[in-house]
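Q: Hi, could you walk me through this one? I'd like to start with the strands.

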Amino acid sequence: MRLNSFDEWSPLQEVIVGSAENYVSHERELSFDLFFHENIVGDNAQRTEWYYPRLGHAAEGSAGTSANGDRTPIKRRYVDELNEDLEGMAAVLRSLGVTVHRPMDLPARPAEVRTPAWPAAVVPPLNIRDNTLIAGDEIIETAPMIRSRYFETQLLKPVFQRYFESGARWSVMPRPLMTDASFDLSYVRATNAGGPTEPIEDPRPSRYDVGVEMMLDAAQCLRLGRDIVVNVSTAHHALGADWLERHLAGRFRVHRVHRLSDSHIDSMVLALRPGTLLVRDAAVADRLPAPLRTWDLIVPPPPTENTFPSYDADDLILTSPYIDLNVLSVSPDTVLVNEACPGLMRTLERHGFTAVPVRHRHRRLFGGGFHCFTLDTARAGGAEDYLS
Ligand SMILES: NC(=[NH2+])NCCC[C@H](N)C(=O)O
């Protein structure tokens, strides 16, 4: 087990696939609403066609959310089917010769954690891409932005420890106190002004307020050998990018992009091989560092509503319909794609890729696709310079 992962496309040797065991509810409180509100506003408010309104009573829940959060239950059928799909994904990866690791499962009893500033529920380690950046031979646990995900990387410890024992570096970005005042609310308030979703409640004062803190998800990053593109939309993201830049100085070049999306960029742009980007829209390239603007762009057909299961009014939709752009490359010419997206598969095949269809039904309910719920820990590529 040697940790080595510098890019998103070179031959995949080892990967962690997330777990949704005992995913019983979403906890609605400021940090959750802020993150998914941003997403739900539509990933980037400048493009109204990317709006997708929050559904059901849960939408009203954010106005009256208690300090400990409002637990919005998730139907057991969805969780069971998601776990079936995760097992199916793992089986496909193994059939392609990839070593698959899994996190510890969340126990069945409702877990709760407490910090000096707040208590929170604990959600399973599903979208493991979000809270850990693998930068070459280093595990970097990023500074979380959602209270119910604060200790999520603890469930990955057995895997991380084995990589560390094999020589990996292992760092943790400073953990935020994550009081309401830790968040820069200006962006989400500006993008919501008069928009279709409810405003974020005023932050509650706390004795632990220290001002805006660094909070940055690894899914805001795109890894390209010795270069890492980082999306920054808020002051708390910018502080996280400052830490990353300082920590990686001399090993990686960090390139900031401004508000490419509200936070995560892996359903906006992915690099499928050197010189080729999969993008939601050709205009995305204009927001990227100059060397990437000359790369070939693959723009799949826009998603259609019948691509997704129909849901009830009380089911919380957590992603845009563009979530299936969130593919996973197992090599520079082979990509795992949601089997419900024949248009995307055909588009990739026209560009010379092998598209491997994999079932993943409820990606909109759990906030992520194939790239989100995997963490590629060993690929063949190295710290190449793809941007010169
Ligand atoms: N690593 C992740 N969880 N990425 C998911 C990004 C989903 C994106 N906000 C969308 O709504 O399409």
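A: Happy to. One definition first: two strands count as paired if DSSP finds at least two bridges between them, with strands (E, at least two residues) and helices (H or I, at least four) being DSSP runs numbered from the N terminus. This is a predicted model, so local features need pLDDT of at least 70 and side-chain atom pairs count only at pLDDT 80 or more, while totals for chains, interfaces and linings use all residues. Residues are numbered from 1 along each chain as its sequence is written, and side-chain values use heavy atoms, with hydrogens and water left out.

Q: Great. In which sense do β11 and β12 pair?
A: Parallel, over six bridges, with β11 covering residues 227–232 and β12 residues 253–258. Within that pairing, V232 stands opposite H258 of β12.

Q: And what do β11, α6 and β12 make together?
A: A right-handed β-α-β unit, in which α6 spans residues 235–248. Right-handed here is a viewing rule: with the strands pointing away from you, the path from the first strand over the helix to the second runs clockwise.

Q: Switching to β2: which strand does β2 pair with in the antiparallel sense?
A: β3 (residues 70–73), through four bridges. S25 faces P73 of β3 there.

Q: Which way do the residues of β2 point, and are they buried or exposed?
A: In β2 (residues 25–28), S25 and E27 point one way and H26 and R28 the other, and all are buried. The scale is relative accessible area with a 1.4 Å probe on protein chains only: buried is under 20%, exposed is over 50%, and partly exposed is in between.

Q: How many cavities of 30 Å³ or more are there?
A: Six. A cavity is a set of points on a 1 Å grid over the protein atoms alone where a 1.4 Å probe fits but cannot get out, and lining residues have an atom within 4 Å of a point. Points join across faces, edges and corners, and a volume is the space filled by probe spheres set on them.

Q: What lines the second largest cavity?
A: That cavity holds about 120 Å³ and has 14 lining residues, with Y23, F36, V123, R149 and F366 nearest its centre. β2 turns up again here: β2 and α1 (30–41) each supply at least two of the lining residues.

Q: OK, salt bridges. How many does the count come to?
A: 33, a salt bridge being a Lys or Arg side-chain nitrogen within 4 Å of a carboxyl oxygen of Asp or Glu. One of them joins D312 and K75, with the closest N and O atoms 3.4 Å apart.

Q: Why is that pair worth a look?
A: D312 sits in the loop between β15 (296–298) and β16 (328–331) and K75 in the loop between β3 and α3 (76–95), so the pair ties together parts 237 residues apart in sequence. D312 is partly exposed at 39% relative accessible area, and K75 is partly exposed at 28%.

Q: What about D137 and R169?
A: Their side chains meet in a salt bridge too, at 3.0 Å, N to O. D137 is in the loop between β7 (132–135) and β8 (138–141) and R169 in β9 (residues 169–172), so this bridge links parts 32 residues apart in sequence.

Q: And where do R346 and E349 lie?
A: Both lie in helix α7 (residues 342–350), three residues apart, about one turn of the helix. R346 is partly exposed at 40%, and E349 is partly exposed at 34%.

Q: Last one: which residues do shared partners join into one network?
A: R77, E81, E84, D85, R359 and R361, all joined by salt bridges that share partners.

Methods:
On a 1 Å grid over the protein atoms alone, a cavity is a set of points where a 1.4 Å probe fits but cannot get out, and a pocket is an open set with protein on both sides within 12 Å along at least five of seven lines; lining residues have an atom within 4 Å of a point.
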